[in-house]
Every structure is written in C-alpha cells, then in structure tokens.
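Subject: Structure handover

Hello,

I am passing the structure on to you with this email. Please look through it first; my notes on what was found follow below.

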Amino acid sequence: MAAYMRSVICLVSIERNAFLTRGSSIVVQSKRYVRGLRRKPVRVLFPENETDKVHKPSAGQKINRETEAQFTSTTRHLEESDFVNTRSNVQSTLKHAHVTKDQIDGLRFERALPGDKRLARLVSVARSRTFREHQGKILLEGRRLICDALDAGANPQMVFFSTVDRLRELPLNKLKRATLVKVKFEDIKIWSDLVAPQGVIAIFSRPDPSRLNFANRGHSLPLSLICDNIRDPGNLGTMLRCAAAAGCNDVLLTKGCVDAWEPKVLRAAMGAHFRLPIYPSLGWDDIKNHLPKPVTVHVADSSCGTDRSRETEDSQVNMSHKSSKAGDYGWVSTKPNHNNMRYEEYDSDSGSDSEYEGLELPRVDTKLYHDSWARNATALVIGGETQGLSLEAAQLAEKTAGHRLFIPVVPDVDSLNSAMAASILLFEGRKQLLKLKQIPGR
C-alpha cells in the first residue's frame, strides 16, 4: 500500500510539472530554474553545450503587461502592509516592555529588559573607591538607609527595585528627579552584599556635608571625633554610629582611613552618615582648620603590653624634663603622616624605624578615662589598631594641652578594639559636657 501511494505522488508531481511547462516552447527543468523564472530574466543561459543559445519568448507568448503590473502592485502593497503591521507590533511590544506605560502614584518607572546592564555597571562603579571619587556616586541599599539619605537632602540619581510595594516604602515625592527601574529580584540578589536583600538599591550623588540637612544638629555637643588611620570598614562604621549617638559635632578622617562611603562602612554606621557631618581625606593642617578655637585635643592610648599598674609612674616620667624617643612607646607611630601621603603601607621595615629613631615623644599627660578631661570644646583622636596614633596627633595634643586617655583593663588582656574604646570615651565626654551645661554660667 505504501509503495502504491508513493507511485501516485510521483505521478501527480510529474503531471504538475508537465502542465506548468506545456504552454511554453521553452524546454526547461522547472525545478532547477524556478528561481530564475520568478525573477523574469531577459535571457536564460543553460549550463551545458547550449550556452550560446538565447531563448526569448515569442510574440504570442508574451505576458499581459497590465495583468502583470496589477499583480506586482497588489503583491507589493500586501508585503508593505505586512511589514508595517509587523514593525508596529514589535515597537508596541518594546514600548510596553521597556519604559512608558508603568506608573505609580503619578511617578513613571521603567521595566528593565533581559539584556539591561545598568544595574551591573552602576554597582561595579559604586563599589570602587576610585570611581566613587571621580564620578561622585555612592551606592545605598535598603529602605532605611535610602530614607535617611532622602530625609537629609541627598540627591538620588537612579533607584532599582524588585516590586512596586518596595518602591512604595520610599518617599515618592523625593524621587521625582530620579530614574526608577524595575528589575528582577534575582538581579538584585546577584549584586547585593546582603545575605537577605531587601529588593531596593539606589545610586546617589556623593553628598557634600555642608549641604545636607542633619536632623539632630540641635542635640550636638562641642565634641569632635578624629579618626587617625582607621582602616577596618567595620570599625570605622561603628565609630561613626557611636559619634552620632553621642551627639558629636562632626567627624574628621585623615588620609589613611578607609573610604567613609564604602558599602561595609555604610552598613555598619546605620545611617550615621546622614546625621552628622563627615569630612574625609583630610591632612592635619585641614583638621586644624575644621576644629573650633579654642579647642583641647585628647588622644586615646591604644598601647598594649604596658603594665596598667604603673600608669602613675609613667605619667611622672612624662612630666619630667627627660627626653624620650617615640620608639619607646607603643601608643604613637614614629612615622610622620605627610600631607601628600594618601595611603600608608601596612608593613614597616626596620630601616624606616631607624630613620625616625631620633624623634622625641611629645610630652602628653596621662589620665584615666573617667577623670575630668572634657571642660570646653574637645576633640578626641582614635588611632588605628595597625599603626596606632600618628606623631602629628600627639603633637597636636601637646600643643593644645590635651591628655593621653586610657581605659584600664585586667592584666594579661589585650587592649580594647578601637571602636569599643571610642564608644566608651565619647560617651564619657558627653556625660562630662552635659554636666558642665547644667552649671549656671557655663
């Protein structure tokens, strides 16, 4: 039966070909030259020994030109209409998929296409300190941090969100000048540093501390925090958070500190960047200009391995006129922090230590942290755990009649973390300054 059907199909195809070529005296193989016939060539050249022969249709076999013109125009019109319809469908699809028709409370937002690279590109830029400083952009993640930035008057550039409900959690009236882009939650999860992303990431212009509106300026005290070579992002963020909680007037960062707008610092600070002014990458001359006049600068003693029971003896030695070397103490670094030095190396060799071996240690009196040391405008210097305090910090404390503050701990225990020491000293300074405010006439 199958063989019979195949023979019938072959016979039908042969008769069809014969019918199509019967009305013409031109003997061609329709299957082979069908493309050429559709193009209506002027002449037909055969590949075999008949290349010189040209077959032209006779007068009786000419096609009706009017019918052909009508057919051609109709076909062209149908093709153009199909092309226009297809093009309009594609444009309408792109239009709905990308930008225009989506609104929330009168605020328009875009829908990111599958190949949209804006989120990846902006997140990569915001994570690099060089790009953050050159392009003036920072990255904020999470509803609370973004709301704090908007309340302080920061300028949002672009906001990526996963659902409309996440966007409604933000103050929409402050996002009118920002570009809103709805992306998949999987994309945010890829580029997020959080274990449980909240589904919203924003790119802001790098804020200028002098132009922000800080909510708790009315509760600030004449107390400044100076961070000297704090390189750990978690420690710096915690110190900023403690400074905001203690009511500090401002925070000054030396050039050796980690970038204050790094994502890890932002998470650890919990919005402190938008509660008090933070001035990064300052030289010691700039720090002096930011401090009020007059001011007393105190330094935190971050030495380890010193017998705390001999602090009284050490203070007596410091008050004597005997010269000391900076290398005799662990609480101060023997390397000067030059103004043109942006970052310091973590490791120091013996040659560099011998170079500054002759430097004298500034004479700074020692005091317990709970003694009275905050009596007027005060600045507190906290050194990093790697290098300790710089020599310029000790010199500034000596010049302003400051003290060397320390927190006693039990023997055989390492010194406190720099962030923990800063929190204890800042709140002690706050307590002493508040007591002075309660005294009449002060």
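**Two packed helices**

Helices α9 and α15 are roughly parallel to each other, because the angle between them falls under 35 degrees. Please keep in mind throughout that this is a predicted model. The angle between α9 (residues 233–246) and α15 (residues 418–438) is about 10 degrees, and their axes lie 9 Å apart. On the α9 side, the contact is made by N235, T238, M239, C242, A243, A245 and A246. On the α15 side, S418, A419, A422, S423, L426, F427 and R430 take part. Sorted by type, the residues of this contact are 9 nonpolar, 4 polar and 1 charged.

**The seven-stranded sheet**

An open sheet is formed by 7 strands with parallel pairing, in the order β10-β9-β8-β13-β11-β14-β12. At its edges are β10 (278–282) and β12 (365–368), each of which pairs on one side only. Ignoring direction, neighbouring strands are turned by 25 degrees against each other on average.

Within this sheet, β8 (residues 223–228) and β9 (residues 250–254) are joined in the parallel sense over 4 bridges. C227 has L253 of β9 as its bridge partner. Helix α14 (residues 391–399) touches β8, β11 (296–300) and β13 (378–383), and its direction makes about 135 degrees with that of β11.

**Pairings of β6**

Strand β6 (residues 179–182) pairs in the parallel sense with β3 (residues 110–111) over 2 bridges. Here E110 stands opposite V181 of β6. Strand β6 also pairs in the parallel sense with β5 (residues 156–161), over 4 bridges. In that pairing, M158 has T179 as its bridge partner in β6.

**Cysteines**

How many disulfides does the count come to? The count is 0, with a pair of cysteine sulfur atoms required to be within 2.5 Å. For C227, the nearest cysteine sulfur is that of C257, 5.6 Å away, and C227 is in no disulfide.

Is C227 buried or exposed? Its relative accessible area is 0%, so C227 is buried. C147 has 12% relative accessibility and therefore also counts as buried, the limit being under 20%.

Regards

Conventions: Residues are numbered from 1 along each chain as its sequence is written. This is a predicted model: local features need pLDDT of at least 70, side-chain atom pairs count only at pLDDT 80 or more; totals for chains, interfaces and linings use all residues. Side-chain values use heavy atoms; hydrogens and water are left out. Axes are lines fitted to C-alpha atoms, for helices over the stretch in contact, and angles run from 0 to 180 degrees between N-to-C directions. Angles under 35 degrees count as roughly parallel, over 145 as roughly antiparallel, 65 to 115 as roughly perpendicular and the rest as oblique. Contact means heavy atoms within 4.5 Å. Ala, Val, Leu, Ile, Met, Phe, Trp, Tyr, Cys and Pro count as nonpolar, Asp, Glu, Lys and Arg as charged, and the others, Gly among them, as polar. Two strands pair if DSSP finds at least two bridges between them. Buried means under 20% relative accessible area, exposed over 50%, partly exposed in between (1.4 Å probe, protein chains only).
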